[in-house]
Amino acid sequence: MSSSFHDGDSPAGVADGYPERTASGAAAAPDRNGRGGPARRVTAVRSPQELDYRLRGLSTDPTDYVSAAPIRPDRQRRPRRHGPLLAKVAVLLVVAALAAWLVPAFVVQSFSVPDGAMSPTLQAGDRVLVAKSGLLEGPVHTGQIVVFRPPRFLPCTVVGSGGDLVLRVVALPGQTIWSTGNTIFVDGRPLSERGWYAPRFGQVGSRAISSTTLAQNQYFVLGDDRSGACDSRVFGPISGSSIVGEGIAIVVRHGHVFLGKL
């Protein structure tokens with residue numbers, strides 16, 4: 001048996017056979033006459049937990065955004081201290097000055113060639129670096145160019161010299177040296193000089209060498225220009241103690257830088 005209603009409408013509290021629920025989810029209470037309250041349009045309200053799943057993980061709160069690069073507070077720059085740097089520079093300058101003073105005094109010495117007695121190897125006015133005798137690796141050898149203090153009473157004149165001389169060693173302690181014709185002999189063997197002397201004057205030059213046997217610590221020295229006579233042919237052998245050092249290089253020639261190994 002079908003029931004009829006006065007207004008022809010469905011009961012206010014029933015929607016599709018189910019009681020109407022309010023927004024809070026509770027069914028509408030019937031009035032005193034047993035009829036439901038006035039019909040209300042049901043509006044579904046989603047709770048925040050029921051947001052679209054596609055928006056999960058997204059936040060609309062501006063406070064949730066974090067800067068990709070954290071901002072670091074500016075560090076206070078410390079003022080640079082120039083005091084220690086200046087002190088180090090001053091120390092280096094002092095060390096360099098001491099080295100420049102000590103090296104010539106104890107290691108090498110600059111020497112100016114007084115004349116052309118060593119021509120063509122050395123020319124008058126050449127400046128030569130001399131290694132001090134205490135730094136020589138071994139004993140003085142034949143062919144070595146040495147700077148030495150001449151005898152106090154020099155029987156010959158060296159133009160432009162008032163001090164040390166520079167000549168080449170041709171005979172060593174214990175050896176006997178002499179010349180015959182244009183050849184020099186040491187212990188009976190011809191002296192091989194490898195072209196040290198000036199060819200136009202020959203090996204002996206203008207003055208022959210009388211037979212001389214060298215004592216211990218004595219050396220016989222000659223100039224490469226054998227036309228001159230101010231060498232051991234005139235003032236005799238020199239002592240090892242008079243040798244200042246060995247010539248190692250030419251550094252100045254004709255007033256200009258000239259690098260040549262001796």
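**Reading the features**

Modeller: Pro120 is found in the loop between strand 3 and strand 4. Helices (H or I, at least four residues) and strands (E, at least two) are DSSP runs, numbered from the N terminus. This is a predicted model, in which local features need pLDDT of at least 70 and side-chain atom pairs count only at pLDDT 80 or more, whereas totals for chains, interfaces and linings use all residues. Residues are numbered from 1 along each chain as its sequence is written, and side-chain values use heavy atoms, with hydrogens and water left out.

Colleague: Is the peptide bond from Ser119 to Pro120 cis or trans?

Modeller: Most residues other than glycine have a negative phi, and most peptide bonds are trans. The bond joining Ser119 to Pro120 is cis, its omega being near 10°. Met118 counts as buried because its relative accessibility is 1%; buried means under 20% relative accessible area, exposed over 50%, and partly exposed in between (1.4 Å probe, protein chains only).

Colleague: How many residues apart along the chain are Met118 and Asp224?

Modeller: Met118 and Asp224 are 106 residues apart along the chain, while 4.6 Å separates their C-alpha atoms. A second pair to read in this way is Ile238 and Asn217, 21 residues apart, with C-alpha atoms separated by 8.4 Å. Ile238 lies in strand 12 (residues 238-239) and is buried, at a relative accessible area of 3%.

Colleague: Let us turn to charged pairs. How many salt bridges does the count come to?

Modeller: Side chains of opposite charge can pair when their charged atoms come close. A salt bridge is a side-chain nitrogen of Lys or Arg within 4 Å of a carboxyl oxygen of Asp or Glu. By this rule there are four salt bridges. One of them joins Asp126 to Arg253, with the closest N and O atoms 2.7 Å apart. This pair links distant parts of the chain, 127 residues apart: Asp126 is in the loop between strand 3 (108-112) and strand 4 (127-132), and Arg253 is in strand 13 (residues 243-253).

Colleague: Is Asp126 buried or exposed?

Modeller: Asp126 is buried, at 0% relative accessibility.

Colleague: What is the N to O distance between Glu193 and Arg226?

Modeller: The side chains of Glu193 and Arg226 form a salt bridge at 2.6 Å, N to O. This pair again links distant parts of the chain, 33 residues apart, with Glu193 in the loop between strand 9 (189-190) and strand 10 (212-213), and Arg226 in the loop between strand 11 (218-222) and helix 2 (232-235). Both Glu193 and Arg226 are buried. A further salt bridge brings together Arg233 and Asp231 at 3.0 Å, N to O. Arg233 counts as buried at 12% relative accessibility, and Asp231 is buried at 2% relative accessible area.

Colleague: Which residues line the largest cavity?

Modeller: Rolling a probe the size of a water molecule over the atoms shows where empty space is left. On a 1 Å grid over the protein atoms alone, a cavity is a set of points where a 1.4 Å probe fits but cannot get out, and lining residues have an atom within 4 Å of a point. The whole structure holds one cavity of 30 Å³ or more. The lining of the largest cavity consists of Gln109, Phe111, Val130, Val147, Asp164 and Val244.

Colleague: Which residues make the nonpolar surface patch?

Modeller: Patches are made of residues with over 30% relative accessible area and no salt bridge: like charges are joined within 9 Å, nonpolar side chains (Val, Leu, Ile, Met, Phe, Trp, Tyr) within 5 Å. Leu85, Val89 and Leu93 make a nonpolar surface patch of about 290 Å²; accessible areas come from the Shrake-Rupley method with a 1.4 Å probe, and for residues only the protein chains shown count as cover. Leu85 lies in helix 1 (residues 83-106) and is exposed, with a relative accessible area of 51%.

Methods: 1 Å grid on protein atoms, 1.4 Å probe; cavity = no way out; pocket = protein on both sides within 12 Å on 5 of 7 lines; lining within 4 Å. Points joined across faces, edges and corners; volume = space filled by probe spheres on them.
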